[in-house]
Amino acid sequence: GLVVLVFYAFGTSKAMPVNEYVQSYYDTIEGLPEGSIVMLSADFDPASAAELLPMYQATIHHLLRRNIRVINVSTWPAAPPYTRKEFDLIAPLYQKTYGVDWVELGFKPGDDVAMGQIGQSVTSAYVEDDRSGAPIDTFPLVQEVGDGLKGIEVLISLSAGYPGILEWIAQVGGRYQVPILTGTTAVQTPDLYAYYPTQCRGFLGAATGATMY
């Protein structure tokens, strides 16, 4: 503890260089046309929130600041309370309206099978939204998405493990050629190098990647 305190007290701060994976994550979102639709999947739980929640928050800020519309889903049952809280805090900062600028479809059970169902047809995978219980066909935002996620410009997964980014790549990216971005825990990050930049356009690796972003 004393050694750490000494370094904090007498050390000097330097700007953290941004690696190409984080830069590509940022540039991909920055290059989306305003009004585009992105699917944002929260694939984590409280155990991984320390690493992934800052990425999730920053991604929401980035998307809404760019006037990108968001369809929020999750394949982990503990994630929706996080998603709702963060959107409730962040969306008003950009004067965004629920149902118009973002919609929460919530948790879909079934792991990678659920991902395949979402990729095949969002309107078949979900009957109603997770926030209000309104029928899915009452949201024009969702109706703009066709089979095979046509209309989705990018799929973003904040992934803690299984099911997560590797399953999204297999079930959706590979099948329907949907561009994918991700943020992952330190344990899962090494798996991503083999998929960059073809199957995964960019990624945030653990707390370091989140800080760079």
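Eleven aromatic pairs are counted in this predicted model. Tyr21 takes part in two of them, one with Tyr193 and one with Tyr196. Tyr21, Tyr193, Tyr196 and Phe203 together form one aromatic cluster. Two helix contacts follow: helix 3 with helix 4, and helix 2 with helix 3.

**The pair Tyr21 and Tyr193**

- The rings of Tyr21 and Tyr193 lie 5.2 Å apart, centre to centre.
- Their planes stand at 75°, which means the pair is edge-to-face, as angles over 60 degrees count as such.
- Tyr193 has a relative accessible area of 43%, so it is partly exposed.

**The pair Tyr21 and Tyr196**

- Tyr21 also pairs with Tyr196, at 4.9 Å centre to centre.
- Here too the planes are 75° apart, and the pair is edge-to-face.
- Tyr196 lies in the loop between strand 5 and strand 6, 175 residues from Tyr21 in helix 2.
- Is Tyr196 buried or exposed? Tyr196 is buried, because its relative accessible area of 19% falls under the 20% cut-off.

**Helix 3 with helix 4**

- Helix 3 spans residues 49-65 and helix 4 spans residues 80-90.
- Their axes come within 10 Å and cross at roughly 40°.
- Angles under 35 degrees count as roughly parallel, so helix 3 and helix 4 are instead oblique to each other.
- The crossing of helix 3 past helix 4 is right-handed.
- Helix 3 brings Ala49, Leu53, Tyr56, Gln57, Ile60, His61 and Leu64 to the contact.
- Helix 4 meets them with Tyr82, Thr83, Glu86, Phe87 and Ile90.
- By class, this contact of helix 3 with helix 4 holds eight nonpolar residues, three polar and one charged.

**Helix 2 with helix 3**

- At what angle do the axes of helix 2 and helix 3 cross? They cross at roughly 30° and come within 10 Å.
- Helix 2 and helix 3 are therefore roughly parallel to each other.
- On the helix 2 side, Tyr25, Tyr26, Ile29 and Glu30 make the contact.
- On the helix 3 side, Thr59, His62, Leu63 and Arg65 make it.
- The contact of helix 2 with helix 3 divides into four nonpolar residues, two polar and two charged.

Key: Residues are numbered from 1 along each chain as its sequence is written. This is a predicted model: local features need pLDDT of at least 70, side-chain atom pairs count only at pLDDT 80 or more; totals for chains, interfaces and linings use all residues. Side-chain values use heavy atoms; hydrogens and water are left out. Axes are lines fitted to C-alpha atoms, for helices over the stretch in contact, and angles run from 0 to 180 degrees between N-to-C directions. Helices (H or I, at least four residues) and strands (E, at least two) are DSSP runs, numbered from the N terminus. Angles under 35 degrees count as roughly parallel, over 145 as roughly antiparallel, 65 to 115 as roughly perpendicular and the rest as oblique. A crossing is left-handed if the near helix is turned anticlockwise from the far one by less than a right angle, and right-handed if clockwise. Contact means heavy atoms within 4.5 Å. Ala, Val, Leu, Ile, Met, Phe, Trp, Tyr, Cys and Pro count as nonpolar, Asp, Glu, Lys and Arg as charged, and the others, Gly among them, as polar. Rings of Phe, Tyr and Trp (its six-membered ring) pair if their centres lie within 6.5 Å; planes under 30 degrees apart count as stacked, over 60 as edge-to-face and the rest as tilted. Buried means under 20% relative accessible area, exposed over 50%, partly exposed in between (1.4 Å probe, protein chains only).
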